[in-house]
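User: I want to learn how to read the strand pairing and helix packing in a model. Where do we begin?

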Amino acid sequence: MIQQEVDNIKQDLWDLSHKIHQNPEIRFQEEKAVKWQTELLKSHGFTIDTPFAGLSTSYKATIKGKGEGPRVAFLAEYDALEGVGHGCGHNMIATMSVGAAIGLSKIVDELDGEIIVLGCPAEESGKGKVVMINNGGFEGIDYAMMVHPSTRNLIGRGGLAAIVLDIEFRGQAAHSKEPAEGINALTAIIRTFSGIDTLRQIWKDDARINGIITDGGTAPNIIPEYAAARFTVRAKTSKYLSKMVEDIKRVVDAAALITGAEPQIKQGLMSTERYSNAAMGKTFKENMATVGEIMEHPPEGLSVGSSDIGNVSMIIPTIHEYIAIAPTTVKNHTKEFAQAAISEKSDEMLLKGAKGLAMTAWDILVNEKLRKEIYHEFENKVLEKS
Ligand SMILES: [Zn+2]
Ligand SMILES: [Zn+2]
């Protein structure tokens, strides 16, 4: 029955997916995408709250059942990549979450609880969900779920903790024929890079860091008075990532001590590791089987990225599963993937993804035993570790 409800609105869903795809908007500028999603949700009886959680391109759409009960949120992402458009296929993520919510809303009168769509902007580089969490946007929500287009059908994939560090040094300019008159800020940056290379020897194998020099002076006959670098740091857990940041701070202090330059470190928002709820994942897998899709766990050695969904998974039971829309030779964040995200295959798969999400939410809303299983796992696996 839920499947039929999603099929009934398939043309509207395809139109929404294609419109967002053809009008790519980057982080925190996703105005059209929010307008189109909220208009469709409103026309199906949802109450819309936007701007939401302190972000102008965030929204919350809610529809209530016959009584109090669990509050299940479908998370919508809809930001594009600069220069590549929808090379991550977020037009499909938004459409699947909106489609699942509308499909399920047709039987909301029979259910206790709430169906919610949370519009989450700026996944690619703004950590929109972290800002939303900090502003209370996830308060009162009991379960979060979303589906991401991919080249494989996957459940239970994790994610790394990640942070961006901006490191700056301020020294003293001087003519290069009199270097002793100056304080070389670039030398301090170079010392920082070599110090970090030393840290690689003591860090765990899975620790990852990469940096670029964003400012290295203006001319070779001037001792640079200012130099700066930007690093992306990743680790398996936010706990280990915090330790790495402390190590890096010591390296920066050492570089300052050697050169006399004044350091400054700016830390970006941290995205945490991701805990995919296995009980929710298993339910999603069973539901996807009813639409003819086999879901698998990630093969050994498949690389994992970082996303702000990790932070959500630390506060409530969460799934972020993947459906295949292109062969494994097509890489995410490319023009080829963007093409795949508006193909006939993607239109077919987004209906299946929406159905899988809607059926999983229905299972949670009606099955108390499943809810207990989900929370038992969440409390044991996530709350204990963090
Ligand atoms: Zn992406
Ligand atoms: Zn993405």
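Analyst: Begin with a definition: two strands pair if DSSP finds at least two bridges between them. This model is predicted. Here, I63 stands opposite I115 in β4.

User: Over how many bridges do strand β2 and strand β4 pair, and in which sense?

Analyst: Strand β2, residues 59-64, and strand β4, residues 112-119, pair over six bridges. The sense is antiparallel.

User: What is the order of the six strands in the open sheet?

Analyst: The order reads β1-β2-β4-β3-β5-β12, with mixed pairing. β1 (47-49) and β12 (318-324) each have a single partner strand, so one side of each lacks a neighbour in the sheet. From one strand to the next, the twist averages 20°.

User: Which helices should I place against these strands?

Analyst: Angles run from 0 to 180 degrees between N-to-C directions. Helix α4, residues 90-105, packs on the sheet and touches β2, β3 (67-76), β4 and β5 (143-150). Its direction makes about 155° with that of β3. Helix α11, residues 344-366, lies across β3, β4, β5 and β12. Helix α11 runs at about 160° to β5.

User: Why does the radius of gyration of the protein chain agree with a compact globule?

Analyst: For 386 residues, a compact globule would come near 21 Å; the protein chain has 23 Å, which agrees. Its C-alpha atoms fill a box of roughly 80 × 45 × 40 Å along the principal axes.

User: What percentage of the residues is buried?

Analyst: Buried residues make up 48% of the 386. The protein chain holds 12 helices and 12 strands.

Notes
Residues are numbered from 1 along each chain as its sequence is written. Chains are lettered from A and ligands numbered from 1 in the order in which they are written. This is a predicted model: local features need pLDDT of at least 70, side-chain atom pairs count only at pLDDT 80 or more; totals for chains, interfaces and linings use all residues. Helices (H or I, at least four residues) and strands (E, at least two) are DSSP runs, numbered from the N terminus. The radius of gyration is taken over C-alpha atoms; the globule rule is 2.2 Å times the number of residues to the power 0.38. A residue is buried if 20 or more other C-beta atoms lie within 10 Å of its own, exposed if 12 or fewer, and partly exposed in between; C-beta atoms are placed from the backbone. Two residues are in contact if their C-beta atoms, placed from the backbone, lie within 7 Å.
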